[in-house]
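I opened my notebook and the viewer side by side.

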Amino acid sequence: MRHEPERITVGRESVVIEWDDGASTSISGRRLRAACPCAECREHRAATVSPIQLADQSLIVDGSLVGGYALRFTFADGHGDGIYPYGQLRHLGDP
Ligand SMILES: [Zn+2]
């Protein structure tokens with residue numbers, strides 16, 4: 001069963017997604033950036049073991065819907081290539 005977001009609140013340091021089944025997922029900018037699914041970030045993660053992340057990279061400046069199945073987030077360093085499918089976001093929630 002696929003869940004759709006009912007309300008999305010984009011803050012600078014985190015995103016809160018309330019789903020149509022009543023569940024809610026809170027994801028920090030740091031976690032969101034660390035999971036960025038774009039090709040550039042995936043390559044970068046494969047090439048380095050450094051967990052260092054600059055502050056700009058984990059501050060969220062924009063969020064938008066993509067084709068009814070995903071969200072795209074832009075970070076303060078200008079990076080905004082990652083398209084996060086709902087299923088991924090649902091599992092990214094901070095414990
Ligand atoms: Zn990326």
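**Entry 1: the metal site**

I began with the metal. The site of the zinc ion is tetrahedral, with angles of 101 to 117° among its 4 donor atoms. I noted the rule: four donors count as tetrahedral if all angles lie between 85 and 135 degrees. Donors are N, O and S atoms within 2.8 Å of the metal (3.2 Å for Na, K and Ca), and sites may look incomplete because water is not among the atoms.

Before going on, I wrote down what I was looking at. This is a predicted model, where local features need pLDDT of at least 70 and side-chain atom pairs count only at pLDDT 80 or more, while totals for chains, interfaces and linings use all residues. Residues are numbered from 1 along each chain as its sequence is written, and side-chain values use heavy atoms, with hydrogens and water left out.

Which residues coordinate the zinc ion? I found Cys36 (SG), Cys38 (SG), Cys41 (SG) and His79 (NE2), at 2.1 to 2.3 Å. Their spacing in sequence reads C-x1-C-x2-C-x37-H. Cys41 lies in helix 2 (residues 39–47) and His79 in the loop between strand 5 and strand 6, so this pair ties together parts that are 38 residues apart in sequence. Helices (H or I, at least four residues) and strands (E, at least two) are DSSP runs, numbered from the N terminus.

Then I checked exposure. Buried means under 20% relative accessible area, exposed over 50%, and partly exposed in between (1.4 Å probe, protein chains only). Cys38 counts as buried because its relative accessibility is 8%. Cys41 has 10%, so Cys41 is buried too. His79 is also buried.

With cysteines in view, I looked for disulfides. A disulfide is a pair of cysteine sulfur atoms within 2.5 Å. The structure holds 0 of them.

I traced an open sheet of 3 strands, in the order 4-5-6, with antiparallel pairing. Two strands pair if DSSP finds at least two bridges between them. Which strands stand at the edges? They are strand 4 (60–66) and strand 6 (83–85). Each has a single partner strand, so one side of each is left without a neighbour in the sheet. Neighbouring strands are turned by 30° against each other on average, direction ignored. For such angles, axes are lines fitted to C-alpha atoms (for helices over the stretch in contact), and angles run from 0 to 180 degrees between N-to-C directions.

Next I followed the bridges. Strand 4 and strand 5 are joined by 6 bridges. Asp62 stands opposite Thr74 in strand 5. The hairpin of these strands has 3 residues between them, and Gly67 takes a positive phi near 55° there. Strand 5 (residues 70–75) pairs with strand 6 over 3 bridges. Arg72 faces Ile83 in strand 6, and Leu71 has Tyr84 as its bridge partner.

I also picked out Ala70, which is found in strand 5. Ala70 counts as buried because its relative accessibility is 0%. The C-alpha atoms of Ala70 and Leu89 are separated by 8.6 Å, though these residues are 19 apart along the chain.

Then I turned to another open sheet of 3 strands, with the order 1-2-3 and antiparallel pairing. Its edges are strand 1 and strand 3 (24–28). The twist averages 15° from one strand to the next. Strand 1 (residues 5–10) pairs with strand 2 over 5 bridges, and a hairpin joins them through 3 residues. Arg7 has Glu18 as its bridge partner in strand 2. For Ile8, the partner is Ile17.

**Entry 2: aromatic pairs**

Last, I looked up rings. Rings of Phe, Tyr and Trp (its six-membered ring) pair if their centres lie within 6.5 Å; planes under 30 degrees apart count as stacked, over 60 as edge-to-face and the rest as tilted. How many aromatic pairs are there? The count comes to 2.

The rings of Trp19 and Tyr86 have centres 6.2 Å apart and planes at 75°, so the pair is edge-to-face. Trp19 lies in strand 2 (residues 14–19) and Tyr86 in helix 4 (residues 86–91), so the pair ties together parts 67 residues apart in sequence. Both Trp19 and Tyr86 are buried.

Phe73 and Tyr84 also form an edge-to-face pair, with 5.5 Å centre to centre and 70° between the planes. Phe73 is in strand 5 and Tyr84 in strand 6, 11 residues apart. Phe73 is buried, and so is Tyr84.

Notes:
Four donors count as tetrahedral if all angles lie between 85 and 135 degrees; four count as square planar and six as octahedral if opposite donors are over 155 degrees apart and all others between 65 and 115; anything else is irregular.
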